[in-house]
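Work through the exercises below with the structure in view. Each task is followed by a solution in steps.

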Amino acid sequence: MRKVIVSASTEYAVLIGRGLLAQLGTEVAKRIRPCKAAVITDTTVEKLYAEQAEQSLAAAGFTTCRFSYPAGEGSKHIGTLSDMLEFLAEQEITRQDIIIALGGGVAGDMAGFAAAVYQRGIRFVQVPTTFLAAVDSSVGGKTAIDLRAGKNMAGAFYQPQLVLCDVDTLDTLPEEIFADGIAETLKYGVIGDAKLFAETASGDFREKLEEIIETCVKMKRDIVNEDEFDTGLRQLLNLGHTLGHSIEKNSNFTLSHGHAVAIGMHLIAKVAERRGLAEKGLAETIRQALLHNNLPTSTSYTAEEIAAGVLKDKKRRGGEISFVLPTKIGHCEIVKIPTEEVLDLVRTALA
Ligand SMILES: NC(=O)c1ccc[n+]([C@@H]2O[C@H](COP(=O)([O-])OP(=O)(O)OC[C@H]3O[C@@H](n4cnc5c(N)ncnc54)[C@H](O)[C@@H]3O)[C@@H](O)[C@H]2O)c1
Ligand SMILES: O=C(O)C(=O)C[C@@H](O)[C@H](O)[C@H](O)COP(=O)(O)O
Ligand SMILES: [Zn+2]
């Protein structure tokens, strides 16, 4: 088992290994005295892993209850959050009890947000079951729901007590959903690790998933430890997201997050190259890496449609929006762009 310690406002371990779900109860019990554990999951993950998780918790002395919502990004809204909070109250979950977020990034983001606001904050544990959640969303404490206006528009920074990643659970992922995690892994490579990028780009990493997850988690740990609340350095983790989130929203959240980020990463690399900031050929290198992993690289939305979403980005401060521009594989810069230049930037990205 690999172990990474995150030292943000809460200090916690990220455990990565095979067969770990069976140890969920004992690992939680090492940190939290047995109490009620509300397992929050989606309808797909529920069928696959809820019983095993609950049995492990029960064997360690926890009393469990379960809330499940229809799988997918379409559930990541205030209605589901409201039902979740009512469920916690009906089950008489108190401040000494815990939430277990069992699933992908949607489960983690929503259950984490519920944990942050229910009775003004109860403890929670992340149990990621998608590759995307393993390498990225389960760590760092960003929790959120989508609003009609856009992605993750309401949320909180709220750290878990533990992240337990059983790599065996990734075996049941359909390839398309696994690829969402590849997009975020390539992102980590472009931000700061050329070796990780090359390994992931080649598609030749399935035998060393634990190592890949640990590499991403360590990079995220270093960034979050320094800038938990996203005021500077952490914005690097938004590479590809400023355009990607808008594309996701334009699709009415039918295009997955990872696929939208893939497109966003390629498009923003084109911008960086055309502005003379990036090495020649960078955008094509990124495009090939994405295509090799069956990820999309372009969109049919218009510049006007994409720019409208970009202007709502959380990195906007008054008349400027920060964009993450890659300069080469392994290095990015945060550049402030005036809002009146955003449409031009998007046009460059699509050209
Ligand atoms: N908080 C963060 O730092 C952060 C980082 C990246 C992404 N996100 C968010 O994460 C979300 C995307 O996460 P996701 O791609 O995991 O989506 P998801 O949670 O919707 O999971 C994708 C699909 O995979 C299914 N699934 C999950 N685990 C499975 C398994 N082991 N076997 C078979 N099927 C399984 C789910 O039921 C779902 O249908 C987005 O909302 C995004 O905004 C958050
Ligand atoms: O942890 C972060 O910080 C990230 O930006 C990771 C992203 O992959 C993730 O999609 C995040 O939810 C985006 O954050 P947002 O603040 O742009 O909503
Ligand atoms: Zn993301």
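Helix axes are lines fitted to C-alpha atoms over the stretch in contact, and the angle between two axes runs from 0 to 180 degrees between N-to-C directions. The model used here is predicted.

**Exercise 1. Describe how helix H9 and helix H12 are placed relative to each other.**

Step 1. Locate the helices: H9 covers residues 241-250 and H12 covers residues 303-310.
Step 2. Take the distance and the angle. The two axes come within 8 Å and cross at roughly 110°.
Step 3. Classify the angle. Angles of 65 to 115 degrees count as roughly perpendicular, and H9 and H12 are therefore roughly perpendicular to each other.

**Exercise 2. Work out the strand order of the open sheet of 3 strands and find its edge strands.**

Step 1. The order is E10-E11-E12, and the pairing is antiparallel.
Step 2. Strand E10 (316-317) and strand E12 (331-338) each pair on one side only, which marks them as the edge strands.
Step 3. Look at one pair in detail. Strand E11 (residues 320-328) is joined to E12 by 8 bridges. In one of these strands, E12, His331 is the bridge partner of Lys328.

**Exercise 3. Which residues surround ligand 2, and how do they divide by class?**

Step 1. List the shell: Asp136, Gly140, Lys142, Lys151, Asn152, Glu184, Asp230, Arg234, Leu237, Asn238, His241 and Lys314.
Step 2. Sort the shell around ligand 2 by class: 1 nonpolar, 4 polar and 7 charged.
Step 3. Assign the shell to domains. Domain 1 (2-172) and domain 2 (185-350) each contribute at least three residues to the shell around ligand 2.

**Exercise 4. How many residues surround ligand 1, and which elements supply them?**

Step 1. The shell around ligand 1 holds 32 residues, and the closest are Thr44, Gly104, Gly105, Thr130 and Ser137.
Step 2. By class, 9 residues of this shell are nonpolar, 15 polar and 8 charged.
Step 3. At least two residues of the shell come from each of helix H2 (43-59), H4, helix H5 (131-137), strand E8 (150-157), helix H6 (175-192) and helix H10 (257-274).
Step 4. Domain 1 (2-172) and domain 2 (185-350) each give at least three residues to the shell around ligand 1.

Terms used. Residues numbered from 1 in each chain as written. Chains lettered and ligands numbered in written order. Predicted model: local features only at pLDDT ≥ 70, side-chain atom pairs only at ≥ 80, totals over all residues. Near = placed C-beta within 6 Å. Nonpolar A, V, L, I, M, F, W, Y, C, P; charged D, E, K, R; others polar. Domains from an automatic or database assignment. Pairing = 2+ DSSP bridges. Helix = DSSP H or I, 4+ residues; strand = E, 2+ residues; numbered from the N terminus. Parallel < 35°, antiparallel > 145°, perpendicular 65-115°, else oblique.
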